[in-house]
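Please walk me through this model in the viewer, stop by stop. Tell me what to select at each stop and what is found there.

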Amino acid sequence: MRALTLSELVNISQHAFVGTPTDAFSQWDTIGKQRRIVTYTMVDVHSSIDGRPTPTASVMLRTLGGISGNIGQVVPGEAMLRTGETAAMFVTTLSQDLYGVTGMSQGHYPLTTDGSRRLHAITNGLEMQAGPDAAVHRLDGRTVSEVESLVFQELTRGTH
Amino acid sequence: MGRTKLRGALSVAAALSLVTPRAFAFCQTTTCDASGSQVGCAVDANGCSTKGQPLYWAEACLSFGVQEGGSPRRGITWQKADSIITTAFQQWVSADCGGGVHPSFKMWDLDQAYGPMICDEVQFNQNAPNANIWMFRDATWPYDSANATLALTTVTFEVSSGRILDADVEINSFAVDITTNDPSQGPVGADLQSIVTHESGHFLGLAHSRVADATMNASYSPGDISFRTLSADDVKGICTIYPPDRMVAACSQPEPVHGFSRYCADASGSSSDGSTTQGTKGCSVASMDRSGGSSALATLAATLGLVVLRRRRATR
């Protein structure tokens with residue numbers, strides 16, 4: 001994957017929030033002309049990171065890959081939304097009431113479970129230009145409140 | 001023992017041999033990597049999935065094809081793409097597992113025998129012929145995150161065994177400045193040879209590695225061509241998944257699941273050329289593709305294709 005800068009990640013996304021996947025199912029679906037297995041994950045949204053709250057307290061995210069019957073599909077680089085694992089998520093609207101994780105794994109940061117609520121970047125993709133401006137580098141290890149400040153800076157920068 | 005039974009027994013033996021612990025940083029993709037909603041999955045310190053069935057091709061004969069269009073947007077012809085992808089697979093096939101032996105699989109370029117792939121879709125057909133297709137996306141990127149994705153490999157597998165059934169690769173030529181030249185020939189952008197060598201590792205069942213110089217490392221910088229050649233970690237990975245002494249039927253002819261077609265199948269399970277597997281068993285390459293003619297002709301064509309391929313490699 002090409003590494004997104006924090007500015008790109010924030011401005012491409014429609015929402016950024018902390019949430020916990022509660023349920024998921026996979027099925028064959030058609031995206032464009034592609035017939036593939038996708039996973040739909042219901043996420044309970046706990047708090048907004050970017051001040052752009054989601055329209056509902058729970059949102060549905062679609063990711064590529066999954067298991068349907070005895071057939072499975074893996075798409076390296078895609079976000080892995082683990083049920084029960086709270087994470088900071090940057091999402092884009094795919095259709096009404098359906099979202100995707102922005103930049104695949106680059107928009108998904110599980111929180112540490114030691115009480116500090118720090119973001120943990122999972123660089124589960126082929127990245128380009130993963131320099132210091134890359135979102136995965138700027139967000140990795142930050143607390144949620146620190147990330148809120150960074151995201152706010154990016155959003156206000158975009159309005160000037 | 002019939003061929004099917006033998007293949008089943010060998011598959012079980014291969015699967016068992018793949019779950020032994022290892023000390024390297026490379027990761028083998030497992031069924032747990034398909035989605036995060038599965039119960040009982042875990043990762044180790046290297047980020048490798050430690051649970052689930054490891055993914056692998058059970059056959060010794062693997063095949064691929066390249067979609068006929070190439071990438072006009074990036075000035076990449078089908079011939080150029082086919083050559084680059086062939087070279088990438090050759091890196092993995094010829095990996096030195098020690099003592100001059102190599103991983104226990106061979107790659108067949110079906111384009112050389114039957115012509116370029118017509119189908120430009122990611123497909124795994126449960127009731128129709130298949131092909132492992134590399135394709136460029138020039139007009140649009142059909143998923144979100146167009147600016148973040150260089151290429152996307154979709155590996156389809158059997159959950160109960162981890163056996164890989166199909167693999168298709170989409171290259172994002174729509175949004176990414178992909179180049180094919182050497183640094184001595186001009187600026188290198190997103191180097192196609194590097195991207196393809198990385199993606200072919202996924203095609204073969206490898207996940208990302210945290211070893212900095214590994215081709216399967218997740219970080220790639222534009223202009224870098226080091227991914228074109230394998231690191232020691234990559235070699236360990238491919239030799240572990242496909243050990244040279246693996247018990248597997250000899251390579252004679254590639255046979256995608258339900259046979260081969262270079263045409264897409266429609267929703268009913270028929271290929272665009274009208275072929276279908278209904279009522280057929282043990283479909284060969286030739287029986288599925290109108291360009292193949294008879295089985296004998298197809299076998300001859302495949303043999304000629306292999307010869308052509310070898311000659312091309314020999315002249316590089």
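Which are the buried residues of helix 5 of chain B? Select helix 5 of chain B, residues 232-241, in what is a predicted model. The buried residues are B:Asp233, B:Asp234, B:Val235, B:Lys236, B:Gly237, B:Ile238, B:Cys239 and B:Ile241. Eight of the 10 residues of this helix are buried, so helix 5 of chain B is largely enclosed by the rest of the structure. Its buried residues pack against helix 2 and helix 4 of chain B.

**The helix pair**

Next, select helix 2 (residues 78-93) and helix 4 (residues 192-203) of chain B, whose axes come within 9 Å and cross at roughly 50°. The two helices are therefore oblique to each other. Helix 2 of chain B passes helix 4 of chain B in a right-handed crossing. To see the contact, show side chains for B:Ile84, B:Ile85, B:Thr87, B:Ala88, B:Phe89, B:Gln91 and B:Trp92 on helix 2 of chain B.

Helix 2 of chain B lies across strand 1 (61-66), strand 2 and strand 3 of chain B, and runs at about 155° to strand 1 of chain B. Helix 4 of chain B lies across strand 4 and strand 5 of chain B, at about 15° to strand 4 of chain B.

Now select the whole sheet, which includes strands of both chains: seven strands in the order 4(A)-5(A)-4(B)-5(B)-3(B)-1(B)-2(B), open, with mixed pairing. Strand 4 of chain A and strand 2 (106-109) of chain B stand at the edges, each with a single partner strand, so one side of each is left without a neighbour in the sheet. On average, neighbouring strands of this sheet are turned by 20° against each other, direction ignored.

For a parallel pair, go to strand 3 (residues 133-136) and strand 5 (residues 164-171) of chain B, which are joined over three bridges. Pick B:Met135 there; its bridge partner in strand 5 of chain B is B:Glu170.

**Crossing to chain A**

For an antiparallel pair, select strand 5 of chain A and strand 4 (residues 151-158) of chain B, joined by four bridges. A:Ile71 has B:Glu158 as its bridge partner in strand 4 of chain B.

Most residues other than glycine have a negative phi. Two exceptions end the tour.

- Select A:Met104, in the loop between strand 7 (98-101) and strand 8 (108-110) of chain A. Phi of A:Met104 is near 55°, and A:Met104 is buried, with 26 other C-beta atoms within 10 Å.
- Select B:His258, in the loop between helix 5 and helix 6 (285-288) of chain B. Phi of B:His258 is near 65°, and B:His258 counts as buried, with 22 C-beta neighbours inside 10 Å.

Note on methods. Residues numbered from 1 in each chain as written. Chains lettered and ligands numbered in written order. Predicted model: local features only at pLDDT ≥ 70, side-chain atom pairs only at ≥ 80, totals over all residues. Pairing = 2+ DSSP bridges. Axes fitted to C-alpha atoms, helices over the stretch in contact; angles between N-to-C directions. Parallel < 35°, antiparallel > 145°, perpendicular 65-115°, else oblique. Left-handed = near helix turned anticlockwise from the far one by under 90°. Contact = placed C-beta atoms within 7 Å. Buried ≥ 20, exposed ≤ 12 C-beta atoms within 10 Å, placed from the backbone.
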